[in-house]
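Subject: Structure for your review

Dear colleague,

Please find below the structure that I am handing over to you, followed by a summary of what was found in it.

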Amino acid sequence: MSKVFICDHPLIQHKLTYIRDVNTKTKDFRELVDEVATLMAYEITRNIQLENIQVKTPVATADCRIISGRMLGIIPILRAGLGMVDGILNLIPAAKVGHIGLYRDPETLQPVEYYVKLPTDVQERELIVVDPMLATGGSANLAITALKNRGCVQIKLMCLIAAPEGIEAVQKEHPDIDIYVAAIDDYLNDHGYIIPGLGDAGDRLFGTK
């Protein structure tokens with residue numbers, strides 16, 4: 001069974017409070033999401049492999065360590081996931097970015113894939129799928145399936161806020177995928193919104209309704 005990691009650092013929790021606040025304006029909301037994504041990236045990359053090297057300092061030779069092994073890729077689920085990409089790139093500028101576009105069918109209410117664009121070497125990378133909200137889990141599951149269908153095996157999921165129902169859905173369909181969140185909220189309402197949540201993340205990021 002996959003593991004769920006709650007990123008409970010005080011700075012993350014402080015900023016998440018203002019992200020939730022209905023009075024936070026678009027510019028500030030966008031900046032806060034960016035900052036929390038950077039902070040969460042520290043946690044999700046904690047187990048990256050290192051290798052030993054020697055470097056020459058101005059006074060001597062030092063035994064040091066650098067990142068080795070798999071390269072990283074960031075896969076936002078469009079459109080709200082875009083709000084988290086730059087924050088991660090601030091910390092990992094060498095990561096490549098792919099995109100997965102999904103929309104909700106108005107009749108079935110199920111997510112439908114409409115766009116997938118990935119780095120050519122995506123199978124060789126450790127991937128971080130990002131979306132601010134993990135509600136029903138439908139979009140996350142479809143995005144992860146899309147990656148697995150293209151030969152990707154090293155995948156993690158990173159969200160700001162999750163509902164218990166969404167976590168359960170991802171663990172059921174993808175028990176090999178670890179989930180990183182800043183908070184687990186109470187439940188989903190009848191419209192599929194996380195309670196208390198933060199509203200529609202895409203609308204708040206881009207100033208739309």
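**Findings**

Val4, Ile6 and Ile184 together make a nonpolar surface patch of about 220 Å². Please bear in mind throughout that this is a predicted model. Ile6 counts as partly exposed because its relative accessibility is 46%, a value between the limits of 20% for buried and 50% for exposed.

**Salt bridges**

The search of the whole structure returned 10 salt bridges. One of them joins the side chains of Asp185 and Arg20, with an N to O distance of 2.7 Å. This pair connects distant parts of the chain: Asp185 sits in the loop between β11 (178-184) and β12 (187-188), Arg20 sits in helix α1, and the two are 165 residues apart. As to accessibility, Asp185 is buried, since its relative accessibility is 6%, whereas Arg20, at 24%, is partly exposed.

A further salt bridge is formed by Asp121 and Lys96, whose closest N and O atoms are 3.9 Å apart. Here too the pair links distant parts of the chain, with Asp121 in the loop between β7 (111-117) and β8, and Lys96 in strand β5 (residues 96-97), 25 residues apart. Asp121 has a relative accessibility of 14% and therefore counts as buried; Lys96, at 35%, counts as partly exposed.

Asp121 also meets Arg125 through their side chains, in a salt bridge of 3.0 Å from N to O. Both Asp121 and Arg125 are buried.

**Annotated binding site and pocket**

Which residues does UniProt place in the feature "binding site"? The unreviewed entry gives Arg79, Arg104, Asp131, Pro132, Met133, Leu134, Ala135, Thr136, Gly137, Gly138, Ser139 and Asp200. Of these residues, the lining of the largest pocket includes Arg79, Arg104, Asp131, Met133, Leu134, Ala135, Thr136, Gly137, Gly138, Ser139 and Asp200.

Leu134 lies in strand β9, residues 133-134, and Gly138 lies in helix α4, residues 138-149. Leu134 counts as buried because its relative accessibility is 1%. Leaving aside residues up to four places away in sequence, Leu134 touches Ala140, Leu157, Cys159, Ile161, Ala162, Ala163, Gly166, Ile167, Val170, Ile179 and Ile194.

**Two further residues**

Thr24 is found in the loop between α1 (10-20) and α2 (26-44). Is Thr24 buried or exposed? Its relative accessible area is 14%, so Thr24 is buried. When residues up to four places away in sequence are not counted, Thr24 touches Tyr18, Phe29, Leu32 and Arg204.

Glu126 is located in strand β8, which spans residues 125-130. With a relative accessible area of 15%, Glu126 is buried, because buried means under 20%. The C-alpha atoms of Glu126 and Asp176 are separated by 14 Å, the two residues being 50 apart along the chain.

Yours sincerely

Key. Residues are numbered from 1 along each chain as its sequence is written. This is a predicted model: local features need pLDDT of at least 70, side-chain atom pairs count only at pLDDT 80 or more; totals for chains, interfaces and linings use all residues. Side-chain values use heavy atoms; hydrogens and water are left out. Patches are made of residues with over 30% relative accessible area and no salt bridge: like charges are joined within 9 Å, nonpolar side chains (Val, Leu, Ile, Met, Phe, Trp, Tyr) within 5 Å. Accessible areas come from the Shrake-Rupley method with a 1.4 Å probe; for residues, only the protein chains shown count as cover. A salt bridge is a side-chain nitrogen of Lys or Arg within 4 Å of a carboxyl oxygen of Asp or Glu. Buried means under 20% relative accessible area, exposed over 50%, partly exposed in between (1.4 Å probe, protein chains only). Helices (H or I, at least four residues) and strands (E, at least two) are DSSP runs, numbered from the N terminus. Contact means heavy atoms within 4.5 Å. UniProt positions are given in the numbering used here, feature names are shortened, and annotations may be inferred rather than shown by experiment. On a 1 Å grid over the protein atoms alone, a cavity is a set of points where a 1.4 Å probe fits but cannot get out, and a pocket is an open set with protein on both sides within 12 Å along at least five of seven lines; lining residues have an atom within 4 Å of a point.
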